[in-house]
Structures are given as structure tokens and as C-alpha cells.
Amino acid sequence: MTSSQIIVLATPVFLLLIAIEFAWGYLKGRNTYRLNDAVNSLSLGMLSQLSAVFTRLLRVGIYTAIYSSVALFPDAEFWNHWYGWLLALVFYDFCYYWLHRAGHESAVFWAAHVVHHQSQDYNLSTALRQTSSGALLGWIFYIPMAVAGVPPLLFGIVTLIDLLYQFWVHTDHVRKLGWFDRWFCSPSNHRVHHAVNDRYLDRNYGGILIIWDRLFGSFREEDEKCVYGTRSPLNSWDPLWANAEVYWSLLKDSWHTKNWADKLRVWFKPPGWRPADVAARFPKPPFDIAQLEVFHPPLSRPVLWFGALQFGLLLLGVIAYLWHAEALAPAPRSVWLLALMAGLWSVGGLLQGRLSMLQVLLIESAALATASAALGLTGLHLVMKPLTLLIAIVLVASRARPLAAKGRFDAFLLAALAALAASLAGDVLLMFPAYFIPGLLAFLVAHLFFIALFRLGVAWFPSRRILGLTLATGLAMYAFLWPHLDPVLKGAVAAYVLVIALMAAQAMGRALVLRDKSAIAVAVGAGFFMLSDALLAINRFVQPLPLAQLWVLGTYYVAQILITSHARPVVPSGHKQV
């Protein structure tokens, strides 16, 4: 049985204990859960396990290689006895202490570990909030175990034991435990670790044993109310950004500083350290615990229930993936990973108020359409591909401008629906190889309507420079395809390349004029349209691409989602649309 399957079997136990803790807190009037925060924590746990399918080979491979080469005491009989297991567990906990401490005292390790601390709530769901990047450097701290001769299988077992133990200490409902608190990591000790109070900061790193903290001067007893989270709040329910935020901050500081030593030093100094020139140019306000606010964007009850339902379906998908992941070939393993990540990201956007329910359905449908095409799941693909554009049509209709007068058409609605209807026709036709030319013509019509859509509010091709650039790009692509096209296709492809170059020029010129986020998003979408069509043409006429449908449809749906979501932004109530 794989470690992923063990986690799958433990998942119902985790969820049951979370439900019991919630019920207990609710009945006692001390509820420590919020749906959005709990979903975010569980999403990060799911993402961590998904990524572990790929990073586990790195960790296990390096450990096994070191063990096989330089193990000093690889005595199998010793390690198979109970005392060998106990020694290995204590050894692991000691190494974990130093990894955990590095996670708070060195910025590059904090960038991975921060995920576990971002929640402003403290409950059992917080325990499952784990990093997806920790394995990239974390293996360094377990080299002593490999050198000592702890067998890889035993290393994996004690890793799991140490991790599972730490689940129960993430609760606010278990108070101090007397003598137990003096020796072991307990809820009281670990609450201190998660707090941002001055006196608690960077304390109590132990995983199972707290004696490491007492020995090495990092212990602090709980004696005042804990305030949870980080000193630079995440303020987001996006699980991908949660993993990337500190890396991005470090990258920006490293880029902006003029001191070459500081460009490297910023990664290894304590979290919060910044080069003097960067701190002067981009100052950040000092942390004030009194000003700390809980991130809790308001949402309607239907949205919350919809988000919970979507999360539940994704949880089932992740469970199925983890159970079968080791048996999957690399291609389907990667494709389903990307599809599940897209779903988790969209639910986070919904709970944050950045995405509507229709946008979430559009993203999830696009992910399933892409995955089913890439993996040859024809039945599912025949359903999901047209469904995706149908959802896009409903989304555009729901965001349309109220008609100025009864009986008059909205120009935006007319152009957008026509473009999407032609795209839907092209999608259906391209699912059947014999209808490639009709499908191409349908998309040519769709792009003509997109040009008209992007004309609204601006002049025709407002930037001649961008027009020249897109036409030159199209001409270069056509010259590349020319030797591989038969006489009939040369004319059809030439017309198509011209139209999509004009569409991209209109969208990008519009962005240059309007200079707002929505127009820029549409321009990026137009760029993805060009990329998708280029990949489709290369795959069909020049050279088959590996996982071609993943790249072709993935970029195509990114384009459609960006355009349908931003061609006309939602205007807040009370504001006039123009």
C-alpha cells in the first residue's frame, strides 16, 4: 500500500474528527470554524498530497541513494526490532525539529512552511494545511538518518507516524495537560507555535517531543490568548497563491535590490529581512497586532453552499486520484493533476468573491473537456466540450448590459453571443476529423465577431504598431506552415491566419487605449487564441506534439475564459455602464 493510499484511508477519520470538533465548539458556543477558511485549509492539504505524488520520488530517491552509498550502520536486524523503530522515530523527530526551526529562521524555508501558518483560525482543518513545495529542500535535514543507516522503508513509516501525530494538537478545545505538556508537543504548546503574539513568535517547533525546544532554548509556555495567522496576512483563499506568495515577495526583493550580495542574502536571512535600499523604496508598515483584521469576505448563502458542493466533488476526485496515482502513467497523472488544481483554484476564487458560480462551472467544465481530450476519453469529451461553450454563452448573457429600450439589441450581447455560438459550432465540428475545414470556417466567423466585439468603445485597430506585429507574427507562422499545406488548405489557412491576427491586434490595441485590467485580460486571451491555433496547426500539419490536446485545448479555454469574463466587466449596483 502506498503512502497516498494510507492518507486516503485516513481521510474519513480526519473528516469525522473535524466534524466532531465543529459540533463540540458549536454546542459549547466556542465555534472555531469558518467554511471559507476550512475549505481553504483542506484545499491546501489536498494540493500538498497531489504534489507529493511527484515530489515523493525526489525525496525517496535522494534518501535511498545516500543510504545505499554511505550508510554507516545499515544493520537490518537492529532496525527491525521495536527499539530500532523507536530510535528511528526519535531520530526523525530531532531532524524534523531543525527543519521546522529553519522554516521560521530562513526565508527560503519559510516560503514553503508559511502555508501551514496562514490560517487565522486554529482547528483540526489547520493541521491538514500543508505546503506543496517543502520537499524541494526539506530532504536536506534527513540526510543524517540516511547516513546513519535508517532503512528507507522505516524512514517512510516514521515520517507518516510523526505527521499523523501532529493532527490532534491543532485544536483550541483541549487546554493544558500537565506533565504531558512538559515532554510532548500538545495542543497548548502548538497553539503558541501558531500565534503571532510577540512573546510567542518562533517558538515550540517540536513535532512529537517538546523536549527539543526545552533543550535548544525555543520553548515558550502558553500564558496569554493566542492570535493566529502570519504577520503578513495572506488575505486570499487561492491555494496556488498561498504556496507562491512568499517566493514571489522574495523574488521581487531580490530583483529590486542593487546590492549583488543582497540578491542572494534575501533568500537565507530571517523572514521579514529586506535589503536597505528595497525597504526604503518599497516600505511596509510595521506589524501591529491591534490592527490585525480577520479576512472574511462576505458571501451569500447560495454561493457558500455551491462552494461547499464543488469542494466536496473535488475531494472525491482527489481521493480517487491519490488511490490510483502510483499506477497511472506519467501523462494521465499530470493531466488529472492540472485538472484538479484548476478546480481547487476556482473554488478559492468563488469563496473570495473573485469568481461567480457560472465562472467556476466554466473553468471546471473546460478542465474536464481538456483532460478528456488529452487522455482519449471520447464519451466524456463529447459531453464536456460543447457544454463548456454553452456555459460560456449563459455567462455572457447573464452579464449583458440591460437593454436601453424595449426591443433594442445590446451590441455587446449580439457580438459576444454570435462569437461564442460560432465557436461552439467550431468545437463540435472539430471533434470529427472529417469536418476540419467546416470547423475552421466556423472559427473564422467566430473571430470576425470577436473583432466586432473588441471594436466597441474604441477605433478600428487603434495601434498600428501592434497591428504590424500581429500581422508579421501571422505571416511568419503561415510561412512556416506553407510547405506542409495542400493547395486547398493554403487559401483557407491564409484567411484564418489573417483574421486571427486582426482579432489579436484589435484586442491588444483596445487594451493600449483603455489601460484597464479587463481590457488587458481580453488582450491576453487573444494572445492565447493565437497560441492555441498555432499549436493546433503545428500538430496537424507539421509534427505531432506530445499531449497535443492538452496544450491546444488548454490555451484555447484560457482564451475563452479570459474573454467571456472580461470583455465587459460586471458593474457594481448604482454605477452606470458605458
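Let's start at Arg515, which sits in the loop between helix H23 (487-514) and helix H24 (517-542). When I say helix, I mean a DSSP run of H or I with at least four residues, while a strand is a run of E with at least two, and both are numbered from the N terminus. Arg515 is not a glycine, yet its phi is positive, about 55 degrees. Is Arg515 buried or exposed? It counts as exposed, because its relative accessibility is 62%. Here buried means under 20% relative accessible area, exposed means over 50%, and partly exposed is in between, with a 1.4 Å probe and protein chains only.

A word on what you are looking at. This is a predicted model, where local features need pLDDT of at least 70 and side-chain atom pairs count only at pLDDT 80 or more, while totals for chains, interfaces and linings use all residues. Residues are numbered from 1 along each chain as its sequence is written, and side-chain values use heavy atoms, with hydrogens and water left out.

You'll find Asn204 in the loop between helix H11 (187-194) and helix H12 (211-216). Asn204 counts as buried, because its relative accessibility is 1%.

Let's step back to the whole chain. How many helices and strands does the chain have? There are 25 helices and zero strands. Along its principal axes, the C-alpha trace spans about 80 × 55 × 55 Å. For 578 residues, a compact globule would have a radius of gyration near 25 Å, and the chain's 27 Å agrees with that. That radius is taken over C-alpha atoms, and the globule rule is 2.2 Å times the number of residues to the power 0.38.

Of the 578 residues, 50% are buried. The chain exposes about 27,800 Å², and carbon and sulfur atoms supply 71% of that area. Those areas come from the Shrake-Rupley method with a 1.4 Å probe, and for residues only the protein chains shown count as cover.

Next, contacts, meaning heavy atoms within 4.5 Å. Take the contacts between residues at least 6 apart in sequence: 74% of them join residues at least 24 apart.

Asn36 belongs to helix H2 (residues 35-70), and it is buried, with a relative accessible area of 2%. Asn36 and Leu351 are 315 residues apart along the chain, but their C-alpha atoms are separated by 6.1 Å. Which residues does Asn36 contact, leaving aside neighbours within four places in sequence? They are Trp237, His296, Pro297 and Leu351.

Glu21 is another one to click on. You'll see Glu21 in helix H1 (residues 3-28), buried at a relative accessible area of 7%. Its C-alpha atom is separated by 9.5 Å from that of Asp172, 151 residues apart along the chain. Beyond its neighbours within four places, Glu21 has contacts including Tyr33, Asn123, His170 and Asp172.

For contrast, go to Leu72, in the loop between H2 and helix H3 (76-80). Leu72 counts as exposed, at 57% relative accessibility. Not counting residues up to four places away, Leu72 touches Val147, Ala148 and Gly149. The C-alpha atoms of Leu72 and Ile520, 448 residues apart along the chain, are separated by 59 Å.

Let me finish with some helices. H17 (residues 330-352) has 23 residues and reaches 33 Å from its first C-alpha to its last, close to the 33 Å expected at 1.5 Å a residue. The expected span is 1.5 Å times one less than the number of residues. After H17 comes Gly353, with a positive phi near 85 degrees. Over in helix H16 (residues 301-324) there is Gln310, which counts as buried at 7% relative accessibility. Aside from neighbours within four places, Gln310 is in contact with Val347, Val360, Leu361 and Glu364.

Last stop, H20 (residues 411-430): 20 residues reaching 28 Å, close to the 28 Å expected. Which residues are buried in H20? Among them are Phe412, Ala415, Ala416, Ala419, Leu420 and Ser423. An α-helix has 3.6 residues a turn, so residues three or four places apart point the same way. The buried residues of H20 pack against helix H19 (378-398), helix H21 (436-455) and helix H25 (548-566).
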